[in-house]
Amino acid sequence: MRSKWWNIGGSLMIGLFVAYLDRSNLSVSLPSVAQDMGFAGEGFSVTSSLALTIFLIGYALANILGGILTRRMDPKIVVIWTFALWSVATMVIGFSSSLVTLLVCRAILGIAEGIYWPQQSRFARGWFAADELTKANSLIQYYGQYLALAVGFMVLTPIYQAVGWRILFFLTGGLGLAVIVPLYFFCLRPEAEAPYRLEASGQPHVPLTFEALGGLSFVLLVFSYITQGMLFWGITLWLPQVDSGLAKLALITVALGLYAASYTPNIWSILQSTVAPEAIGPASGIMNGLGAGGGGTIAGFLVAMLYGSTGTYMSGFMVLGGLVVLGGFSLLAYGRLTSARLATARPAAERAAG
């Protein structure tokens with residue numbers, strides 16, 4: 001059981017690290033890509049927004065549908081073929097000078113990563129006990145994401161400056177095919193071997209209902225995650241275009257470090273421990289699809305439009321910060337609703353036991 005932290009948690013963390021490199025490579029190399037593909041100049045703002053956010057459109061839809069449609073499939077199989085698919089799409093971009101190819105491959109990247117994401121919660125719920133979930137989510141999701149954000153730009157930018165954007169895309173896509181796919185094949189275990197897998201999970205006769213997702217409490221969690229997704233992706237997509245090094249450091253430290261460090265592992269642990277077992281994959285897909293995909297798509301265009309009207313990215317970032325405050329109030333409402341439901345359910349359970 002000790003090996004689960006390395007084989008399951010460690011492998012998924014490394015995989016998510018590489019996944020975020022695949023997402024971020026366009027942000028780093030956007031000026032050169034725009035020049036080679038013909039959308040530099042007056043149309044840069046709108047076209048670059050589309051190139052960056054088309055990933056999130058596919059990501060949002062695939063999270064929701066993928067979480068539902070793959071809930072009876074072994075998550076090990078799903079993460080292997082999705083990683084292979086988007087790695088190939090990333091490498092194809094490096095061969096092309098077509099804007100259409102760029103948009104199609106970025107959409108494929110979003111769809112494949114969207115199907116991939118809910119599987120992480122299925123691994124966490126199946127392989128880690130309830131009191132281990134926050135630690136497991138920190139390892140898999142938080143460190144996988146934010147190591148890529150902290151180190152990724154520092155690694156990708158010198159590579160881009162030294163060898164150009166095409167080699168950058170070959171390298172990031174090649175990492176998935178040459179490293180992550182074999183790593184997952186040998187280290188991840190089938191769902192049937194998971195010690196905490198509940199028998200209800202993935203069985204055809206178990207219905208997927210609104211109550212299984214958590215009812216109104218689930219809606220409040222999703223709204224909070226949407227605002228967090230807007231903050232995260234609004235800053236991530238446009239951070240490389242900010243000129244001030246001090247502003248970049250402040251944004252990374254406050255928004256993507258302090259805030260997300262407290263929020264991310266706990267919000268996923270809350271979800272995984274409160275929804276019905278048959279709803280783990282669908283609930284994760286819906287929350288991440290609407291939050292990271294939907295919220296990120298809106299935020300990408302919002303920051304771009306405010307930049308076009310004000311000439312500064314900070315105006316968009318300030319709006320995103322205000323929206324996150326509303327997400328905090330949503331979590332407060334979730335806590336009150338959950339406490340009230342538990343207070344109502346406790347006497348009923350005592351009467352039934354008596």
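Modeller: Helices here are DSSP runs of at least four residues, numbered from the N terminus. The model is predicted.

Biologist: In which helix is tyrosine 225 found?

Modeller: Tyrosine 225 belongs to helix H8, which spans residues 216-238.

Biologist: Does tyrosine 225 count as buried or exposed, and why?

Modeller: A residue is called buried when its relative accessible area is under 20%. Tyrosine 225 has 5% relative accessibility and therefore counts as buried. The C-alpha atom of tyrosine 225 lies 9.0 Å from that of valine 324, although 99 residues separate the two along the chain.

Biologist: How should I read leucine 147, and why is it classed as partly exposed?

Modeller: Partly exposed covers the range between buried, under 20%, and exposed, over 50%. Leucine 147 has 35% relative accessibility, so it counts as partly exposed. This leucine is located in helix H5. Together with Tyr143, Val151, Met154 and Val155, Leu147 forms a nonpolar surface patch of about 440 Å² accessible area.

Biologist: At what angle do the axes of helix H1 and helix H5 cross?

Modeller: The axes of H1 (residues 4-37) and H5 (residues 133-163) cross at roughly 35° and come within 7 Å. Their crossing is right-handed. The residues of this contact comprise 18 nonpolar, 11 polar and 1 charged.

Biologist: What is the handedness of the crossing of H2 and H4?

Modeller: H2 and H4 cross in a right-handed sense. Helix H2 (residues 44-69) packs with helix H4 (residues 99-127) at an angle of about 35°, the axes being 7 Å apart. In the contact of H2 with H4 there are 16 nonpolar, 8 polar and 2 charged residues.

Technical notes. Residues numbered from 1 in each chain as written. Predicted model: local features only at pLDDT ≥ 70, side-chain atom pairs only at ≥ 80, totals over all residues. Heavy atoms only, no water. Axes fitted to C-alpha atoms, helices over the stretch in contact; angles between N-to-C directions. Helix = DSSP H or I, 4+ residues; strand = E, 2+ residues; numbered from the N terminus. Left-handed = near helix turned anticlockwise from the far one by under 90°. Nonpolar A, V, L, I, M, F, W, Y, C, P; charged D, E, K, R; others polar. Patch = residues over 30% accessible without salt bridge, like charges linked within 9 Å, V, L, I, M, F, W, Y side chains within 5 Å. Areas by Shrake-Rupley, 256 points an atom, 1.4 Å probe, with all protein chains shown as cover. Salt bridge = Lys/Arg side-chain N within 4 Å of Asp/Glu carboxyl O. Buried < 20%, exposed > 50% of the residue type's maximum accessible area, 1.4 Å probe, protein only.
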